[in-house]
Amino acid sequence: MTAEDLFIGQRVKEIRKRRGITQQVLADRTGLSRGAIAKYESGERPVDSRRTLLTLAGALGVTLGDLTGHEHDKFDPSTAGFHTAVPDLETILWAQGNVTDTRPPRTLDQLAADAQRATKLRNDCDYATLGPMLGPMLTDAYRHVRDAEREHAERAWDVLGTVAYGVASALRARGYHALAWTAAQEAERAANQIGAAAPLAAAAFSRGQIMLSRPGALPAALATTMGTAERIAAEVRTIGEIETYGMLHLQASIVTAIMGTDPEPHLVEAAEQAVRLADAKPNTSVARNESFGPANVALWRMSAAMERREPGRVLALAPTLSAADLPSEGRRAQYFVEIGKAHAMRKNYRDSLYALLRAEHAAPQHVRTMPPVRELVGHMMRTAKRDLTTGDLGKLAHRVGVVPA
């Protein structure tokens, strides 16, 4: 496989030709210029925003994975431990835990503690360690829902919802969107059994995130996210409720940015909620999103600016936020990816490479398979000066799989 086979524009060109349409027809369908289409297809310009990616996928009638080559990730040796666990997760979700498993189930307290550990692994993007944990956790959560005595039933549903949310998030991150949706529906089913604000918000956030993988689903993603936010707003008091409610507004900020409208109202609301955390009541539910807080709101503000193709704003915001203040390795990696994308948009490839290397150091399993990173690294290999391509950039290109091994 050649480097040219791996960049998004090449896949656009191949699919366009199979569809029997011209660059001009694709330009008309997307609202982009024919010149822009030509530059994407030749690799002269990287597809560096989710909005453009969704537009191209929708016009060609394909999924994001068809353009990003997400299937490639499933053969990455560094995350093999996760991918080999997926068939069991599929069976457990289909059977709602009614599977052959002779292990004695762990207690609800043990399961809640393990779910918290799994959340940290997921936030740090350690999918290889996380994968084998998920199936047994999900099976035990279903067992407790089936077998719990009445006084423990609500907590059993709460734990199931938290575990299912974590499964959905991990599956989505690794490209298993259809199965992630099944897990998100289970999180929603558990949330409806409890009726509490935090589980409902977490389930809605999960479904909204998954919808971002489908062209045409942006209005539904926004409706799901904001419909739930409006439904629970009056109940938001505890730490977990504020965290999950705030994440709904962060999700809405990205969706509105991709749709070309103003994300600022959602970012302002999220920032106000982050301030409330200091005086909030203790949690009453297992469901939480501990990554939420002032630093994470600032990071999402950078991401929204990047979606709006405002690299100057991204780079102006970056010094106001320290990577050390972010709550997980995954969030730190995203911080440096946004900086790298902004520098690349300004054709400052040396600083872009430096930022991407720092992102990779923070969360290698995640960053090496991120479509935007692979797209940028491939673009830099084609356009940057030779002293970059023969040094750290060339080595990074091998690690992310955009040059022959």
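Which helices are included in what covers the buried residues of H13? The cover includes helix H4 (50–60), helix H12 (197–211), helix H14 (239–259) and helix H15 (264–276). The structure is a predicted model, in which local features need pLDDT of at least 70 and side-chain atom pairs count only at pLDDT 80 or more, while totals for chains, interfaces and linings use all residues. Residues are numbered from 1 along each chain as its sequence is written, and side-chain values use heavy atoms, with hydrogens and water left out.

Helices are DSSP runs (H or I, at least four residues), numbered from the N terminus. Helix H13 covers residues 218–232. Its 15 residues should span 21 Å at 1.5 Å a residue, and the separation of its end C-alpha atoms, 21 Å, agrees; the expected span is 1.5 Å times one less than the number of residues. The buried residues of H13 (buried: under 20% relative accessible area, with a 1.4 Å probe and protein chains only) are Leu-218, Ala-221, Leu-222, Thr-224, Thr-225, Met-226, Thr-228, Ala-229 and Ile-232. Helix H21 (residues 371–383) has 13 residues and reaches 18 Å from its first C-alpha to its last, close to the expected 18 Å. In H21 the buried residues are Val-373, Arg-374, Glu-375, Leu-376, Val-377, Gly-378, His-379 and Met-380.

A nonpolar core is a set of buried Ala, Val, Leu, Ile, Met, Phe, Trp, Tyr and Cys residues joined through side-chain atoms within 4.5 Å. The largest such core holds 78 residues, of which Leu-138, Leu-171, Met-302, Tyr-335 and Val-377 touch the most other members. Helix H10 (residues 150–173) gives the most to this core, with 10 residues. Apart from it lies another core, of 59 residues, with Met-226, Val-236, Ala-274 and Val-297 among them. Contacts (heavy atoms within 4.5 Å) of Tyr-335, not counting residues up to four places away in sequence, are with Leu-299, Met-302, Ala-318, Leu-321, Ala-323 and Leu-326.

Rings of Phe, Tyr and Trp (its six-membered ring) pair if their centres lie within 6.5 Å; planes over 60 degrees apart count as edge-to-face. The count by this rule is 2 aromatic pairs. Phe-82 and Tyr-127 are edge-to-face because their planes stand at 80 degrees, with the ring centres 6.0 Å apart. This pair links distant parts of the chain, 45 residues apart: Phe-82 is in helix H6 (residues 80–83) and Tyr-127 in helix H9 (residues 127–147). Phe-82 counts as buried at 0% relative accessibility, and Tyr-127 at 3%. Tyr-335 and Phe-336 also form an edge-to-face pair, 5.0 Å centre to centre with 70 degrees between the planes; both residues are buried.

A charge sits over a ring if NZ of Lys or CZ of Arg is within 6 Å of the ring centre and within 35 degrees of the ring normal. The charged end of Arg-174 sits over the ring of Tyr-127, 4.5 Å from its centre. Arg-382 lies over the face of Phe-7, at 3.9 Å from the ring centre.

Glu-360 belongs to helix H19 (residues 349–362) and is buried, with a relative accessible area of 7%. Not counting residues up to four places away in sequence, Glu-360 touches Val-367, Arg-368, Leu-396 and Arg-399. Polar contacts are pairs of N or O atoms within 3.5 Å; within protein, one must be able to donate a hydrogen and the other to accept it, and residues adjacent in sequence count only if both atoms are side-chain atoms. The side chain of Glu-360 makes such contacts with the side chains of Arg-368, at 2.8 Å, and Arg-399, at 2.6 Å.

Terms used: Buried means under 20% relative accessible area, exposed over 50%, partly exposed in between (1.4 Å probe, protein chains only). Helices (H or I, at least four residues) and strands (E, at least two) are DSSP runs, numbered from the N terminus. Rings of Phe, Tyr and Trp (its six-membered ring) pair if their centres lie within 6.5 Å; planes under 30 degrees apart count as stacked, over 60 as edge-to-face and the rest as tilted.
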